[in-house]
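Subject: Structure for your files

Hello,

Please find the structure below, with the sequence. My notes come after it.

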Amino acid sequence: MKIIFMGTPDFSVGTLEALVEAGHEVVLAVTQPDKPKGRGKEMQFTPVKECALAHNIPVYQPKKIREPECIEELKKYQADVCVVVAFGQILPKEILEMTPYGCINVHASLLPKYRGAAPIQWAVINGEKVSGVTTMQMDEGLDTGDMLEKVEITLDKKETGGSLFDKLSAKGAALCVHTLAELEKGTITPQKQGESTTEYAKMLNKKSGEIDWTKTAVEIERLIRGLNPWPSAYTQWEGKTMKIWEAEVEDVVETIDTHEPGTITEVTKHGFKVQTGEGRLAIKSLQIPGKKRMEADAFLRGYHIEEGEKLACK
């Protein structure tokens, strides 16, 4: 097939690579504009742009894909299908209906669950046992198009947003190649989504990681895993932002506990525990400003922390 590929972040790259390896002709890669990054504010290519250039695929970076001149530019390539993976802009009807096979989207959830911008992180945060990838025939709604194919995976007990990201990126790449082959054969029957059984997977930002110690230990531990590596869960300690990278829910909860949420209840040479709204959380790995991520025992060898101290509570 002649394909216009639309995507931007790392998650999209696996699918672009898989399409090239499968022998498809990717005639154009459409991605978000380059952005300045770092102290020097040097312009940085998107991951999809880097991948496309490595395969000598032309790159197009419109600020607003809805502009008439952008639509006309895409028409020039006379593609058979558009494949869209985390592009980052809403596509107009003209693009959705531009090619014979329309626009096929790779979405990192088992639709209709977790429509929206951050399905991977929310699956971990909400304690889902199973997640997956859906290929979808895009329409003008937000992740509401007809479903084409799905693949499921079981989440590991220690699944993080990062580890699930990698798994679903690989699964999505293979599924997209399979879906295109089946579409060409005419063997796929699209299925309507119906209504979602969960809340919208809203976009995350750095503020999303602020730990509310009044929540249960189970909820906080899932938040820590879901937001690892980005935007990361954090709290305040002695006026410093302390990122929490790994924690464990304490197995045994005492019958009576008078500690307020956020209070450090125990400090040993191996780590420390924090009271939550229900249960305690053993902190295993953390990071403070200017330092690399470190295990809790290493942190305690360099910094003094006492029982009874309180971490900032939201």
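Predicted model: local features only at pLDDT ≥ 70, side-chain atom pairs only at ≥ 80, totals over all residues.

Residues are numbered from 1 along each chain as its sequence is written, and side-chain values use heavy atoms, with hydrogens and water left out.

The sheet

Helices (H or I, at least four residues) and strands (E, at least two) are DSSP runs, numbered from the N terminus. Two strands count as paired if DSSP finds at least two bridges between them. On that basis there is an open sheet of 7 strands with mixed pairing, in the order 5-2-1-6-7-8-9. Strand 5 (59-60) and strand 9 (146-154) are at the edges with a single partner strand each, so one side of each has no neighbour in the sheet.

Helix 6 (residues 161-185) packs on the sheet and touches strand 1, strand 6, strand 7 (103-107), strand 8 (130-137) and strand 9. Contact means heavy atoms within 4.5 Å. The direction of helix 6 makes about 145 degrees with that of strand 9; axes are lines fitted to C-alpha atoms, for helices over the stretch in contact, and angles run from 0 to 180 degrees between N-to-C directions.

Strand 1 (residues 2-7) pairs with strand 6 (residues 81-85) in the parallel sense over 5 bridges, and Ile3 stands opposite Val81 there. Strand 6 is also parallel to strand 7, over 3 bridges, with Val84 opposite Asn105. Strand 7 and strand 8 are antiparallel, over 4 bridges, and Asn105 stands opposite Met136 in strand 8.

The cores

A nonpolar core is a set of buried Ala, Val, Leu, Ile, Met, Phe, Trp, Tyr and Cys residues joined through side-chain atoms within 4.5 Å. The largest has 33 residues, and those with the most contacts inside it include Phe5, Val83, Leu164 and Leu168. Helix 6 gives the most to this core, with 6 residues. A second, separate core of 30 residues includes Ile125, Ile224, Met242 and Phe272.

Lys49 is in helix 2 (residues 47-54) and is buried, with a relative accessible area of 11%. Not counting residues up to four places away in sequence, Lys49 touches Thr31, Asp34, Val59 and Gln61.

Gly209 lies in the loop between helix 6 and helix 7 (217-226) and is buried at 0% relative accessibility. With the sequence limit of four places again applied, Gly209 touches Leu223, Leu227, Ser232, Ala233 and Tyr234. Gly209 and Thr235 are 26 residues apart in sequence and 8.4 Å apart in space, C-alpha to C-alpha.

The cysteines

With a disulfide taken as a pair of cysteine sulfur atoms within 2.5 Å, the count comes to 0 disulfides. For Cys70 the nearest cysteine sulfur, that of Cys82, is 13 Å away; Cys70 is buried, at 5% relative accessible area. The sulfur of Cys176 is 12 Å from the closest cysteine sulfur, in Cys82, too far for a bond. Cys176 is buried as well, at 0%.

Regards

Terms used
Buried < 20%, exposed > 50% of the residue type's maximum accessible area, 1.4 Å probe, protein only.
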